[in-house]
Each structure stands twice: as C-alpha cells, then as structure tokens.
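Visitor: Please take a close look at one part of this model, the part built from strands and the loops between them. I would like one connected account with the cut-offs stated.

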Amino acid sequence: MFNGGSFFMSVDQVQNIGGGEEGEKTGGEGVVAAAALRSYPVAPGYRLNVRSGPGTNYSTVRVLAEGSRVTINCQRTGQWVSGPYGTSNIWDNIGGGQYVSDAYILTGSDGWVAPRC
C-alpha cells in the first residue's frame, strides 16, 4: 500500500542469487505487448528478491539490483508483506514464475494497477 511515505524491504532481500536481466524480451508480439505495459521503480536503496510465487515462502529465483524497474504483467494476492510503500498482500508478476511484493514497487497506488493473474 502507498501512503505517500517511504518504505523498505526485509533483510533477506540482499541475497545474491544471480540470473537473468529484468525486462528481457524476445522479438515479435512480446515487443509489441511490452510497449503497452508501464514500468515501475523498485524502492530506492533496495535489492529486491524475485520469488517463484506470491510469498516469501517461495524460492528466490533472482535478485533485482538497486535502481531496477519492473514491468507488471498481472497481479495476484498472496502473503502480506510490509515494505517501504506500506503493507500489502498484492504480488506483482514480472515474468514467468517471477513475483515481487507490491510493497516494494512504486506504483502510485495502494491497489491494483494491472489485471489479476
């Protein structure tokens, strides 16, 4: 949720897993569809864990670097998380099997900004 203040993620966010780059796209329809989607910044000063599902109990598939931006494909409910932008149970799907807590993404809203998954 966003209330105009600043927010922060748990300590486990700094785990370095490595992996692919955020925003990787292939040619054709993916590029056209991606152009219609908006990207949002991760909270400043955070390296954000990307999970395989909508909760911290899911495995970390990669870690976003400080200053990253994400494209939200869809959103779903999951585990409640407190972060720099409030407490939320909304999880943002940023790729196949890749979720981040909306509490760490500056969407400008404390609600849904993308279709539900």
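Guide: Helices (H or I, at least four residues) and strands (E, at least two residues) are taken here as DSSP runs and numbered from the N terminus. Asparagine 57 is placed by this scheme in the loop between β2 and β3. The model is a predicted one, in which local features need pLDDT of at least 70 and side-chain atom pairs count only at pLDDT 80 or more, while totals for chains, interfaces and linings use all residues. Residues are numbered from 1 along each chain as its sequence is written, and side-chain values use heavy atoms, with hydrogens and water left out.

The chain has 1 helix and 7 strands, arranged along the sequence as α-β-β-β-β-β-β-β. Confidence comes next: pLDDT is the predictor's confidence in each residue, from 0 to 100. Its mean over the chain is 78, with 69% of residues at 70 or more. Residues 1-35 stay under 50, and the model gives them 66 contacts (heavy atoms within 4.5 Å) beyond four places in sequence. Where pLDDT is low, the predicted coordinates should not be read in detail. Over the chain, 60% of the contacts with a separation of 6 or more are between residues 24 or more positions apart.

Burial is described by relative accessible area: under 20% is buried, over 50% is exposed, and anything in between is partly exposed (1.4 Å probe, protein chains only). Of the 117 residues in the chain, 42% are buried. Asparagine 57, at 67% relative accessibility, counts as exposed. Its C-alpha atom is 8.7 Å from that of glutamine 79, which is 22 residues away along the chain.

The strands on either side of that loop can now be taken together. Strand β2 covers residues 48-51; Leu48 and Val50 point one way from β2, Asn49 and Arg51 point the other way, and all are buried. In a regular strand the side chains alternate between the two faces of the sheet. Strands pair if DSSP finds at least two bridges between them; β2 and β3 run antiparallel and are joined by 4 bridges. In this pairing, arginine 51 stands opposite threonine 60 of β3. Arginine 62 also belongs to β3, which spans residues 60-64, and is buried because its relative accessible area is 7%. Its side chain makes a polar contact of 2.7 Å with the side chain of glutamine 98. A polar contact is a pair of N or O atoms within 3.5 Å; within protein, one must be able to donate a hydrogen and the other to accept it, and residues adjacent in sequence count only if both atoms are side-chain atoms.

Rings of Phe, Tyr and Trp (its six-membered ring) pair if their centres lie within 6.5 Å; planes under 30 degrees apart count as stacked, over 60 as edge-to-face and the rest as tilted. The structure holds 1 such pair. Tyrosine 46 and tyrosine 104 form it edge-to-face, 5.5 Å centre to centre with 70° between the planes. Tyrosine 46 is in the loop between β1 (39-41) and β2, and tyrosine 104 is in the segment after β7, so the pair ties together parts 58 residues apart in sequence. Both tyrosines are buried.

Asparagine 73 sits in the loop between β4 (69-71) and β5 and, at 28% relative accessibility, is partly exposed. Beyond four places in sequence, its contacts include Leu37, Asn93 and Pro115. Cysteine 74 is buried, at 15% relative accessibility. A disulfide (a pair of cysteine sulfur atoms within 2.5 Å) joins cysteine 74 to cysteine 117, S to S 1.9 Å. The link connects distant parts of the chain: cysteine 74 is in β5 (residues 74-83) and cysteine 117 in the segment after β7 (98-101), 43 residues apart. The link is right-handed, with 95° about the S-S bond.

Glutamine 75, also in β5, is buried at a relative accessible area of 0%. Its side chain makes a polar contact of 2.7 Å with that of aspartate 92, and a polar atom of the glutamine 75 side chain lies 2.8 Å from the backbone nitrogen of valine 113. Residues in contact with glutamine 75, leaving aside neighbours within four places, include Trp91, Trp112 and Cys117.
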